Amino acid sequence: MTVNKKNKRVWRLYSLNTFFVSLLIFVSVLLAAIATLVYERLKEFDVILDEISTESIPAALHSNRVNSQVNSLTYLIDGLAQSSTQASRRIANREVSAKVSEIMAMIEQHGKDEYLAMHIQSMKDELEHLNRLIDQRLLLDDTINKRKTALYKSYNKIMDFMLSPNHRSNLSPTSFLWTIELADIVATASESLTSERINQVRQINELVDTLLSKQYQSIDNLPEKMKTKATQVTVELQRLLLGESGMINLRSEQLRLMGRSIGRGHFVRNLVTDIANLSEFRSYELNNSIQLETLKTSQRIKQQIKLLGLLSASAVLGLLIAVYMIRHRVVNRLNKLNKKIQSHIDGEPLQVDIRGQDEIADIARSFRYFTRTIEIQQQQLQELSLTDGLTGIANRRALDEHLPTYLQSAIRHHWPVSLLLMDVDYFKPYNDNYGHNKGDECLQQIAKILTRCKRRDEDFVARYGGEEFVFVLPQSDNRGAELVATLLQQAIEEQRIPHEHSLVADHVTMSIGIATFHYDDPISADQLLKNADTALYEAKNLGRNRFVSFIE
Ligand SMILES: Nc1nc2c(ncn2[C@@H]2O[C@H](COP(=O)(O)OP(=O)(O)OP(=O)(O)O)[C@@H](O)[C@H]2O)c(=O)[nH]1
């Protein structure tokens, strides 16, 4: 089969190879896309899980720990602010410092944070201020206590003096009143120690100052022997209560310091809370960003799940189409081709109408081509098998095939068939004397003469075997056959093939046995041949170079 290159190239575009390669590429690309998407998303998940386990959860735990430490720091700061002795202040200050160091270490351990570090440094400075304030307040407490003790001592002294047995009897109303007023001044001054308001303490200071001035002036009204003592007490009270370092002023200072330390304490507590909030905020920010990232990834995953679904559906659809195409284009057509081949094997004519431009159509075309070639070769072989190799006319097999057909036809059409069985006379001596090759040439010549003598197309000449020939004459009765036999013998005689060793003539002659088939009394082909052979035998017996018709 010849297929030009251009056609070949065109149909390769649609070939099964192209189809399967395209299908493979399509499925591979889809699978690669699905695998890449899944891999990318898993990687994102891995990163997020990693962030959650290495950053988010530790940050939350860290924030909790910092908060817990900051809470305990708040209590410690309260303790420092409320210290009532230097010893308790020192202990509280040590605990606060240790806690601050612990918190700083925790924060630094979690990563450098300049802003947070600055806050902690400010808190440390403020804590030092607070500690100094508490120290000053405690020192002041001490001084005030000393002043108070000295005040009560002086007061007791004058009371002891006034109420001593020597004076009690001579205690004038003026002295008694002065003493009562003095007690009143001491009581008023003492009120400043319980007052929590600086203004009130100032007013007490002014009142005590006025009262002491009056008290001092009223000393002149006292008896002489009391004046000196009264003056000493009044001056002493003025020194203890009034002035820069007077008890009332110190109380004012104490209240101021208390206010400042409370304020400083609040400020430090706020700073501490700020630090806790900042740490918590950082953790919140981190968690928030991770949560945001998780949310984004989750949304992306949702979108990509849809995409994956679409890709998978496309892959399944593609595969279904591929299966349909394979069934339609390959399996069905191969089945069809197989059925056609089977039918042809069973003897039906070949009708391979597989269309297309792919390998299956190519196979069908090749099959058609080879079948045709085999048929031609079979025909040639059959022709060869029905032809005599020496003379080129039909052989005994051809006679065996055709004779029954002639006879059936004769029965069908009601006509006779005559058969002439011819044998070369004394052919053995011819062979023996002229040689086998000459014998062959003689047989070839006779075959040519017989073929020439065919008067009708349907007349059939064959070499029966050896030096025997057969002439079949459809539609010829015995008379017609004898006429042909005469003609044949004349033709042989005219040829005058020399035969010096024949006992009947100096040239080659033939004896002929004639048998006729009658449609109304049919016999077999074998029988017809036997009849002709019997007649031939008779011709030989009667002296050769003649014909004899078979008579039952
Ligand atoms: N050269 C040649 N000789 C053949 C061929 N076929 C048969 N023969 C010879 O034909 C001869 C036939 O001889 P026979 O059957 O004895 O008969 P005959 O000598 O012709 O005697 P009659 O038939 O009684 O007249 C034999 O010698 C065969 O060898 C052939 O194809 N070529």
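The legends below describe close-up views of a predicted model.

**View 1. Two annotated transmembrane regions.**
The unreviewed UniProt entry places the feature "transmembrane region" at residues 20–39 and 307–326. In the model, residues 20–39 are 100% helix and 0% strand. The end C-alpha atoms of this span lie 28 Å apart. Residues 307–326 are likewise 100% helix and 0% strand. Here the end C-alpha atoms are 28 Å apart.

**View 2. A five-stranded open sheet.**
The strand order is β2-β3-β1-β4-β5, and the pairing is mixed. Strands β2 (460–465) and β5 (547–549) stand at the edges. Each has a single partner strand, so one side of each is left without a neighbour in the sheet. From one strand to the next, the twist averages 20 degrees.

**View 3. The β1 and β4 pair.**
Strand β1 covers residues 417–424, and strand β4 covers residues 510–517. The two pair in the antiparallel sense. Eight bridges join them. Within this pairing, Ser418 stands opposite Thr516 in β4.

**View 4. Helices packed on the sheet.**
Helix α11 (residues 396–413) packs on the sheet. Its contacts are with β1, β2, β3 (468–474) and β4. The direction of α11 makes about 135 degrees with that of β2. Helix α15 (residues 525–541) also packs on the sheet. Helix α15 touches β1, β4 and β5. The direction of α15 makes about 145 degrees with that of β4.

**View 5. His414, a non-glycine residue with positive phi.**
His414 lies in the loop between α11 and β1. Its phi is positive, about 60 degrees, although His414 is not a glycine. There are 9 C-beta neighbours inside 10 Å, so His414 counts as exposed. The cut-off for exposed is 12 or fewer.

Arg496 lies in the loop between α14 (478–495) and β4. Arg496 is not a glycine, yet has a positive phi of about 50 degrees. Arg496 is exposed because 11 other C-beta atoms lie within 10 Å, and the limit for that class is 12 or fewer.

Methods
Residues are numbered from 1 along each chain as its sequence is written. This is a predicted model: local features need pLDDT of at least 70, side-chain atom pairs count only at pLDDT 80 or more; totals for chains, interfaces and linings use all residues. UniProt positions are given in the numbering used here, feature names are shortened, and annotations may be inferred rather than shown by experiment. Helices (H or I, at least four residues) and strands (E, at least two) are DSSP runs, numbered from the N terminus. Two strands pair if DSSP finds at least two bridges between them. Axes are lines fitted to C-alpha atoms, for helices over the stretch in contact, and angles run from 0 to 180 degrees between N-to-C directions. Two residues are in contact if their C-beta atoms, placed from the backbone, lie within 7 Å. A residue is buried if 20 or more other C-beta atoms lie within 10 Å of its own, exposed if 12 or fewer, and partly exposed in between; C-beta atoms are placed from the backbone.
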